[in-house]
Each structure stands twice: as structure tokens, then as C-alpha cells.
Amino acid sequence: LALLNEHWNVVREGNFRAVNVIGDAGLGKSRLIFEFTESLRDQHVVLLEAICRQEGTAMPFQPLTEVMRSWFGLMEEGASRDEIEAKLKQGLELFKLDSEASLPYLVNLLAGFGGHLGAIPASELVGVRTREALRNLILSVCRLGKPVVMVVEDLHWVDSATQAVLDDMAVTDLRAR
């Protein structure tokens with residue numbers, strides 16, 4: 001916990017830190033992360049939390065979808081595509097992001113793929129654009145003026161699409177954005 005708090009102090013000063021907590025099953029990793037995140041709740045911080053699940057390895061962006069649902073107030077099941085689109089558009093405008101470029105991909109990610117991507121047939125291109133939209137969204141959260149802590153538990157179950165976004169974030173100089 002002391003080591004996590006040392007890294008937190010570096011992050012509070014405006015620097016980036018990627019920290020992996022690794023250990024055998026049952027060692028207390030989740031409890032450690034719980035205690036750390038609880039200590040942040042009364043501080044000036046943006047806390048983004050997600051859990052990778054075994055069944056999520058086949059679902060692209062599953063942990064980042066959780067983060068987005070929480071961030072945009074879409075945790076309730078059964079929100080209509082129009083409701084999701086309206087909340088996302090409002091959020092993208094708040095973050096000063098180009099909603100025309102990002103909105104179709106983020107809506108499809110949260111509402112299910114329903115053909116709102118117009119004439120973009122290639123699924124690889126959809127994946128690239130979705131990763132780009134997620135990356136831009138995370139970067140915009142980092143520009144809010146508060147330190148950002150993103151906790152992704154059970155990373156051993158991460159899907160390759162989420163891993164690509166996280167890898168990209170780890171090598172991005174967030175201060176330059």
C-alpha cells in the first residue's frame with residue numbers, strides 16, 4: 001500500500017505511472033487495490049475502475065466499456081440507443097471532442113453494433129476507429145485538471161483490443177496533449 005501511495009504522489013504531481021500488481025491467487029491483490037482506491041475517494045482525483053472477466057476475452061473493449069458506462073451514467077440496463085447517443089454526445093461536447101468522428105464508434109460499442117457506421121464496411125477499420133475514439137476520450141479525461149487513476153483488475157483476462165488501447169496509453173506523453 002505504501003508503494004502504491006508513492007506512485008500516487010508522483011501522479012498527483014502531473015506525471016504518468018503504470019503500475020502492475022502481480023501475485024499468486026489468494027494473496028490479496030484485490031484487497032490491496034480496494035484499500036488503495038478507498039483512500040482516494042475523498043481526494044481530488046478522477047477514479048476509473050474496470051474488471052476484466054474471463055468471458056470478456058472474446059468481447060472487445062469490455063473493461064473500457066464498463067468505464068464509459070460509469071463515466072456517462074449508463075450503468076442501467078435497457079437504455080435505448082437514442083439515450084446512449086444523447087449522453088455520449090453531451091459528454092463528447094463537454095470534453096471538446098469531435099463527436100462526428102467518435103460518436104458512431106462509441107455508440108456502437110455501448111449499444112451494440114447496429115449499422116450506424118454508414119459506409120464503413122471493414123471491421124478492422126471499425127476497430128481502429130474505436131480504439132482511436134477511446135484513446136481520445138481517455139486523454140480528454142486526463143486534461144480535466146485532476147489526476148486520473150485507472151484501475152483495471154484481472155488484466156490476465158484482457159482482450160486484445162483493450163490491451164492495444166492500454167499499451168498506447170502507456171507510451172503516450174499525457175502532459176503533451
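Let's start with a pair of side chains: Glu38 and Arg41 form a salt bridge, with their closest N and O atoms 2.8 Å apart. A salt bridge here is a side-chain nitrogen of Lys or Arg within 4 Å of a carboxyl oxygen of Asp or Glu. Keep in mind that this is a predicted model, where local features need pLDDT of at least 70, side-chain atom pairs count only at pLDDT 80 or more, and totals for chains, interfaces and linings use all residues. Residues are numbered from 1 along each chain as its sequence is written, and side-chain values use heavy atoms, leaving out hydrogens and water.

Back to that pair. Glu38 has 35% relative accessibility, so it counts as partly exposed, and Arg41, at 46%, is partly exposed too (buried is under 20% relative accessible area, exposed is over 50%, partly exposed is in between, using a 1.4 Å probe and protein chains only). The whole structure has five salt bridges.

Two others join parts further along the chain. Arg53 pairs with Glu66, the closest N and O atoms being 3.2 Å apart. Arg53 sits in the loop between strand 1 and helix 3, and Glu66 in helix 3, so this bridge ties together parts that are 13 residues apart in sequence. (Helices, H or I with at least four residues, and strands, E with at least two, are DSSP runs numbered from the N terminus.) Then there is Arg135 with Asp168, a salt bridge at 2.4 Å, N to O. That pair links distant parts of the chain, with Arg135 in helix 6 and Asp168 in helix 7, 33 residues apart. Arg135 counts as buried because its relative accessibility is 16%, while Asp168, with 28%, is partly exposed.

Now for the inside. The largest nonpolar core has 28 residues, and Phe61, Met68 and Leu134 are among those with the most contacts inside it. Such a core is a set of buried Ala, Val, Leu, Ile, Met, Phe, Trp, Tyr and Cys residues joined through side-chain atoms within 4.5 Å. Elements giving two or more residues to this core include strand 1 (46-51), helix 3 (62-71) and helix 6 (123-142). Helix 6 gives the most, with six residues. Leu134 touches Phe61, Leu64, Met68, Leu106 and Leu109, leaving aside residues up to four places away in sequence (contact means heavy atoms within 4.5 Å). Apart from this core lies another, of nine residues, with Leu4, Ile33, Val45 and Val151 among them.

On a 1 Å grid over the protein atoms alone, a cavity is a set of points where a 1.4 Å probe fits but cannot get out, and a pocket is an open set with protein on both sides within 12 Å along at least five of seven lines; lining residues have an atom within 4 Å of a point. Grid points are joined across faces, edges and corners, and a volume is the space filled by probe spheres set on the points.

The largest pocket has a volume of about 1400 Å³. Of the 46 residues lining it, Arg17, Ala18, Val19, Met150 and Val151 are the closest to its centre. Strand 2 provides the largest share of the lining, six residues.
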